[in-house]
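Thanks for coming. I have one model to go through today, and I will keep it short.

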Amino acid sequence: MTQHKPNSAFALATSLPVWAWRNRPELWLLGGIFLAGLLLLAFGHIAEEVLEGDATKFDQTVLLALRNPADPADPLGPPWLEEAARDVTALGSYSVLGIIFIAVLAFLLMTQRRAAALWVAMAVGGGVLLSNVLKHAFDRPRPDLVAHAARVFTPSFPSGHATLSAVTFLTLGALLASMQTSRRLKVFFLGVAIALTVAVGVTRIYLGVHYPTDVLAGWCVGAGWAAICWTVFHWLQQRGRIEPAANDALSEGDLTNGR
C-alpha cells in the first residue's frame, strides 16, 4: 500500500515539545500569523453574510429567543439579571477600558518598560481606530426588532464593545501571561481575558443593542488584531526591542531601593 506523507509543517508543529516553541521565535511568528489570518477570514465571511442579508434569520431568532414571547421589550430573567447585564456590558465601554488602559500604561512606565508601554498604546489605539473605521464603513443600523435596554450612539457592525474588549483584554492578558513563569498563572490570565471578552459580547446581545453577528464579527476582528499585535510584540522582544519578561524592572527597583 502507498502511504501518504503528512504535511511537513503540521507534522513538525505537532511533534515539537513545548520548550521547542519557546526557543523557536519563527514558529511563534508563523503561529500568530496563521491565527490572525483565520480570525480575519471568519470576520470576512460574517461580513459577507450580513451584507447579503443571509444572516437576518439567524440574528432575529437569537434576539427573540432572549426575550419574553409576550413582550419583546422584556429580556428573559428577573430584573436583577438585566441590571447585572448592564454592569457587565460596561466593562467594554470606552470609560472602563480607558481607565484600565491608563492604569496599565502607568504601571509599565513606572517599572521602566517604556517599549512595552508604547506597544500597548499602539495596540489598543490601533484597535480603537480599526473599530470605528469598520463601523462607519458598514454603517449597519442597530436592531429594531426588540427594545434597547441600554443607550447606543454608533452604527451596529461590528460591535465596538466586543471588538475593543477583545483587543484590550486579550492584549493585556497576553502581556501579563508573558511576565509569568508558571503555566497555571499564564492560563489564568488568558482565561480571565477570554471570559471578560465573551461576557461583554453576550450582554450586548442580551440587552438588544447588537445583532449576534455584530458581536461575532467584533470578536473575530478584535482577537485577530490582538493576535497580530502579540505576534509583533514577541518578534520585537526576541530581538531585544522590547524588554524581556525576565528583566522585571519593578523587582530591580525594589532591590535597589532596599540597599
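This is a predicted model: local features need pLDDT of at least 70, side-chain atom pairs count only at pLDDT 80 or more; totals for chains, interfaces and linings use all residues.

Residues are numbered from 1 along each chain as its sequence is written, and side-chain values use heavy atoms, with hydrogens and water left out.

The chain has 11 helices and two strands; these are DSSP runs, H or I of at least four residues for helices and E of at least two for strands, numbered from the N terminus. Of its 259 residues, 38% count as buried, meaning under 20% relative accessible area with a 1.4 Å probe, protein chains only, whereas exposed is over 50% and partly exposed is in between.

Now α5, residues 79–89. E82, A85 and T89 are buried there. Down the axis of α5, the buried residues fall within an arc of 55°, so they line one face; the arc is taken over directions from the helix axis to the C-beta atoms. P79 and W80, on the other side, are exposed. The buried residues pack against β2, α8 and α9, with contact meaning heavy atoms within 4.5 Å.

Next, α6 and α8. Their axes come within 11 Å and cross at roughly 25°; axes are lines fitted to C-alpha atoms, for helices over the stretch in contact, and angles run from 0 to 180 degrees between N-to-C directions. That makes α6 roughly parallel to α8, a word used for angles under 35 degrees. Residues of α6 including L97 and V104 meet residues of α8, among them F169 and L172.

Notes. Angles under 35 degrees count as roughly parallel, over 145 as roughly antiparallel, 65 to 115 as roughly perpendicular and the rest as oblique.
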